[in-house]
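Here's a quick briefing on the fold and a few of the ring contacts. Have a look at the model first, then read on.

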Amino acid sequence: MDTLTIVSENKCFGGWHKRYRHASAVTGGTMTFAVFLPPQAGEGRRVPVLYWLSGLTCTDENFMQKAGAMRAAADLGIAIVAPDTSPRGPDVPGDPDGAWDFGLGAGFYVNATQDPWARHYRMHDYVVHDLPALVEAAFPVSDRRGVSGHSMGGHGALVCALRNPGRYRSVSAFAPIVNPMAVPWGEKAFGRYLGPDRQTWRDWDACALIAGAAERLPILVDQGDKDSFLDSQLRPGALEQAAKAAGHPLTLRMQPGYDHSYFFIASFIDDHLRHHAGFLNG
């Protein structure tokens with residue numbers, strides 16, 4: 001625990017919500033994450049973990065404060081870990097034009113290869129390897145991992161699971177960017193983080209990855225049909241087509257009347273936690 005600096009802690013549903021800072025060699029700076037430890041984690045056993053990846057402009061605080069996930073997580077005996085969405089600090093470059101959809105708060109969960117972002121923007125390695133190693137050494141949790149996320153984080157969750165067979169036991173997403181190499185948010189991020197060769201972008205695109213996936217983890221996706229980004233940035237039908245062509249199990253639920261907000265996430269987070277519990281506690 002001497003590698004972690006606690007920022008805050010709050011008791012919640014018999015468990016604990018805690019925020020920490022730590023130095024990360026992977027991202028070359030100080031990272032912040034939050035963890036919810038259910039009451040079962042204090043009873044002499046190691047509990048499974050759901051890693052939650054948030055969307056553009058978010059930090060760990062958005063999910064932990066708005067999603068309403070902790071009651072169900074406490075009942076199910078699942079820890080939740082929410083990292084930040086990008087590296088931060090005075091030496092970390094952001095969007096050169098100050099835009100909100102790239103740079104700080106918009107790491108896109110890739111390993112950047114292009115300067116000046118390659119030094120710090122290695123969020124894939126951070127959330128897949130660096131952070132779990134730290135969490136599993138510091139807290140009473142096991143290596144039974146699930147991954148989920150929203151929007152950019154939904155893209156991250158799908159890519160983490162598809163790129164790393166055997167690493168996770170469950171995966172889900174809310175309103176994910178399923179085909180980032182073909183939509184404006186993804187084209188902007190990939191063009192800068194990964195360079196102009198669009199062929200290399202396929203390694204970070206769920207629709208491209210699913211065809212060759214070595215593991216067939218069932219995917220649960222919820223998408224609101226009143227989401228203002230539905231047609232321009234998200235396009236869940238592309239994932240549905242790719243999964244069907246690959247024979248990959250996918251449950252895509254279009255939810256009438258719901259938008260892109262945390263009101264939508266809070267409405268269905270219990271379903272997702274039960275989905276993950278079926279694999280993590282099985």
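**Sheet, helices and rings**

Helix H10 (residues 262-280) lies across S4, strand S5 (79-83), S6, S7, S8 and S9, and runs at about 170 degrees to S7. Lying across rests on contact, meaning heavy atoms within 4.5 Å, while axes are lines fitted to C-alpha atoms (for helices over the stretch in contact), with angles from 0 to 180 degrees between N-to-C directions. Helices (H or I, at least four residues) and strands (E, at least two) are DSSP runs, numbered from the N terminus.

This is a predicted model, where local features need pLDDT of at least 70, side-chain atom pairs count only at pLDDT 80 or more, and totals for chains, interfaces and linings use all residues. Residues are numbered from 1 along each chain as its sequence is written, and side-chain values use heavy atoms, with hydrogens and water left out.

**The sheet**

- Nine strands form an open sheet with mixed pairing, in the order S1-S2-S3-S5-S4-S6-S7-S8-S9; two strands pair if DSSP finds at least two bridges between them.
- Strand S1 (4-12) and strand S9 (250-255) stand at the edges with a single partner strand each, so one side of each has no neighbour in the sheet.
- On average, neighbouring strands of this sheet are turned by 20 degrees against each other, direction ignored.

**Around strand S6**

- Eight of the nine residues of S6 (residues 141-149) are buried, so the strand is largely enclosed by the rest of the structure. Buried means under 20% relative accessible area, exposed over 50%, and partly exposed in between (1.4 Å probe, protein chains only).
- On one pairing, strand S4 (residues 47-53) and S6 run parallel over six bridges, and Val-47 has Val-141 as its bridge partner in S6.
- S6 also pairs in the parallel sense with strand S7 (residues 170-174), over two bridges. In S7, Val-171 is the bridge partner of Val-147, and Ser-170 is that of Gly-146.
- S6, helix H4 (residues 152-163) and S7 make a right-handed β-α-β unit. Right-handed means that, with the strands pointing away from the viewer, the path from the first strand over the helix to the second runs clockwise.

**Aromatic pairs**

- The count comes to 16 aromatic pairs. Rings of Phe, Tyr and Trp (its six-membered ring) pair if their centres lie within 6.5 Å; planes under 30 degrees apart count as stacked, over 60 as edge-to-face and the rest as tilted.
- The rings of Phe-102 and Trp-117 have centres 5.1 Å apart and planes at 90 degrees, so they sit edge-to-face. Both Phe-102 and Trp-117 are buried.
- Phe-190 and Trp-201 are edge-to-face too, because their ring centres are 5.8 Å apart and their planes at 75 degrees. Phe-190 is in helix H5 (residues 184-193) and Trp-201 in helix H6 (residues 198-201), so the pair ties together parts eleven residues apart in sequence.
- Phe-190 counts as buried at 0% relative accessibility, and Trp-201 is buried at a relative accessible area of 4%.
- Ring pairs also link Trp-52, Phe-63, Phe-174, Tyr-258, Phe-264 and Phe-268 into a cluster.

**Charges over rings**

- Arg-163 has its charged end over the ring of Trp-204, 3.7 Å from the centre. The rule asks for NZ of Lys or CZ of Arg within 6 Å of the ring centre and within 35 degrees of the ring normal.
- The charged end of Lys-18 sits over the ring of Trp-16, at 5.8 Å from its centre.
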